[in-house]
Amino acid sequence: MGLTIVWLCLIVLIPLSTIFLRAAGLGWDGFVAVGLSARALSAYKLSFGTALLAASVNAVFGLLIAWILARYEFPGKKFVDAAVDLPFALPTAVAGIALVSLYAENGWIGSLLAPLGIRVAYTPLGVVVALIFIGLPFIVRSVQPVLADLGADVEEAAATLGATRWQTFSRVILPAIAPALLTGFALAFARGVGEYGSVIFIAGNMPYKSEIAPLLIVTQLEQFDYPGATAIACVMLVASFSMLLLVNLLQAWRAKRSAK
Amino acid sequence: MSIVIDAVSKRFGQFAALNDVSLEARPGEFLALLGPSGSGKTTLLRMIAGLDFPDSGHVLFDGADMTGTPAAERQIGFVFQNYALFRHMTVADNIAFGLTVRARRDRPAKADIRARVAELLDLIQLPDLGHRYPAQLSGGQRQRVALARALAVEPRLLLLDEPFGALDAKVRKDLRRWLRELHDRLGLTSVFVTHDQEEALELADRVVIMNRGVIEQIGTPREVYDMPATPFVSEFVGETNRIPVTVADGRVLHHGQALDVSPKALANGPAELHFRPHEALLGDDAPGALPIVVGAVHKRGGTWRVEARVDDIAVEIDTSGPLPERGARAGLRFDDVQIFPAL
């Protein structure tokens with residue numbers, strides 16, 4: 001117990017606390033001026049909004065992939081299973097460059113979408129695409145073992161009792177995997193909020209439009225405005241922590257309500 | 001409800017799970033599908049349930065073709081080997097599930113569902129456990145909840161896959177008797193799968209013995225025990241001693257010596273003599289008897305079990321005495337034997 005706390009302090013809490021200390025050096029007015037400036041606010045909105053959207057999209061399609069991996073046998077399954085982890089393993093900058101070359105107006109997918117008037121690269125949509133790519137493994141890897149553990153016989157039991165496929169999904173499977181799905185969602189969301197490398201290539205980084213909060217921090221650092229950077233970091237930290245706390249509370253509430 | 005299985009075959013890749021299987025269950029019958037693992041018994045049960053579908057052949061309920069009908073529309077109750085209870089639901093919600101998923105116009109009112117659940121909880125003798133979760137129940141209790149859940153939808157047919165497989169011996173015995181009573185009381189048609197011959201013989205009206213995707217024999221417990229149709233049935237049901245013999249011109253020869261048994265219209269050639277421990281009479285090593293060398297003797301229930309050898313083949317004989325000496329030569333005569341052509 002003691003060791004756990006010492007370790008947690010050393011690795012997580014002390015580095016984080018210095019952020020607050022540095023930010024405190026600004027004073028309240030200075031903090032608000034930088035941390036809650038119009039540019040910073042639009043960056044937060046973009047970062048949290050796109051991360052939320054990407055995590056939601058991943059929750060649906062990640063669940064689908066986890067489902068297929070847990071329930072079906074097909075040639076090349078091992079390959080697909082391994083490919084799911086690629087976004088984990090790939091240096092994020094490589095991912096970013098790959099996405100840009102695909103979605104730029106002269107890229108494979110970008111050139112198909114351009115006539116439809118859809119621009120992906122250098123827009124907030126591009127940010128969402130990058131975050132979907134980055135967040136996918138979190139959902140799949142959280143849900144897959146739970147689905148495998150759930151077993152096909154529970155689905156079959158529901159079917160023999162007369163449930164439709166939708167009823168089986170919504171009343172039997174979803175409640176059983178909800179905690180894992182929520183965990184995966186929270187992880188994907190947290191990763192999305194903090195993601196830097198893959199996003200900056202595809203985002204275009206226009207202030208007020210497609211500039212994400214982590215980039216704003218880096219921009220401040222490059223101008224040697226350390227207190228300014230920490231002020232933004234502070235706001236992000238508090239926001240992220242409260243969202244993760246919310247998810248955890250939701251989990252605890254669920255756990256209390258169902259299996260005691 | 002009657003079930004007819006008509007010439008059903010099913011392959012999984014290269015493996016022939018069922019090969020041209022035909023079978024009929026009469027209304028109100030309690031049928032056991034008995035066989036070793038891989039014999040196709042579970043596949044057959046899943047096909048009746050609509051969880052698997054045959055490559056060829058037909059499944060009929062009361063004369064109506066159900067071959068392609070999915071499980072949800074068959075009005076059956078299915079009890080899974082590992083119960084497959086919904087872990088996030090209480091016992092009461094588990095039991096009510098089949099009623100609550102019905103389309104609105106067929107769904108009973110909430111109060112009616114509650115009454116039905118209470119009734120079923122009484123039936124499975126767990127009246128006070130409706131609010132618990134499956135994780136808080138013992139194996140035997142879970143099994144009964146799974147049964148109540150299957151019965152809640154008032155199925156025409158109850159299907160059970162190794163219903164007592166995961167339970168310890170004592171609980172198993174009690175549940176067996178209780179299930180049989182329940183079946184008779186509710187007037188159901190039931191089919192259950194088991195690899196335990198004792199269970200099949202005790203519970204079922206008729207036993208279907210399966211091996212490698214085909215039916216070896218269908219009969220009452222008495223028929224399959226006393227008159228096994230094939231060497232496999234003789235070997236699989238009950239204890240059996242097997243001695244290689246030769247059939248020649250209406251006589252049964254063992255090492256050239258004729259035995260006092262009838263070959264029952266068997267063609268000439270190598271054959272196998274099957275007899276159960278209680279079917280042999282221990283006597284002198286006289287002409288016409290099967291010569292044995294006596295080994296260990298021990299008490300078994302009300303009789304003595306004599307271990308002996310015929311050449312190098314170990315045989316077991318039950319006798320009430322007098323007991324032979326160890327190492328003595330003796331002979332066996334038979335009330336009743338089965339002789340099968342050698343494979």
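Trainee: Which residue in E8(B) is the bridge partner of Leu33(B)?

Mentor: The partner is Val193(B). Some ground rules before we go on: this is a predicted model, where local features need pLDDT of at least 70, side-chain atom pairs count only at pLDDT 80 or more, and totals for chains, interfaces and linings use all residues. Residues are numbered from 1 along each chain as its sequence is written, while chains are lettered from A and ligands numbered from 1 in the order in which they are written.

Trainee: How do I read strand pairing, and which strands are joined to E8(B)?

Mentor: Strands (E, at least two residues) and helices (H or I, at least four) are DSSP runs, numbered from the N terminus. Two strands pair if DSSP finds at least two bridges between them. Here, E3 (residues 30-34) of chain B runs parallel to E8(B), with five bridges. Strand E7 (residues 157-161) of chain B is also parallel to E8(B), again through five bridges, and Leu159(B) has Val191(B) as its bridge partner there. Between E7(B) and E8(B) the chain passes through helix H5 (residues 169-186) of chain B, a right-handed β-α-β crossover: with the strands pointing away from you, the path from the first strand over the helix to the second runs clockwise.

Trainee: Which way do the residues of E8(B) point, and are they buried or exposed?

Mentor: In a regular strand the side chains alternate between the two faces of the sheet. In E8(B), Thr189(B), Val191(B) and Val193(B) point one way, Ser190(B), Phe192(B) and Thr194(B) the other, and all are buried. Buried means 20 or more other C-beta atoms within 10 Å of the residue's own, exposed 12 or fewer, and partly exposed in between, with C-beta atoms placed from the backbone.

Trainee: What does Leu159(B) touch?

Mentor: Contact means C-beta atoms, placed from the backbone, within 7 Å. Leaving out residues up to four places away in sequence, Leu159(B) touches Leu45(B), Ile48(B), Ala49(B), Ile76(B), Gly77(B), Phe78(B) and Val191(B).

Trainee: How many residues of each chain meet at the A-B contact?

Mentor: The contact brings together 20 residues of chain B and 17 of chain A. On the chain B side, strand E6 (76-79) and helix H2 (91-100) are the elements giving two or more residues. That side has 14 nonpolar, three polar and three charged residues; Ala, Val, Leu, Ile, Met, Phe, Trp, Tyr, Cys and Pro count as nonpolar, Asp, Glu, Lys and Arg as charged, and the others, Gly among them, as polar.

How values were computed
Contact = placed C-beta atoms within 7 Å.
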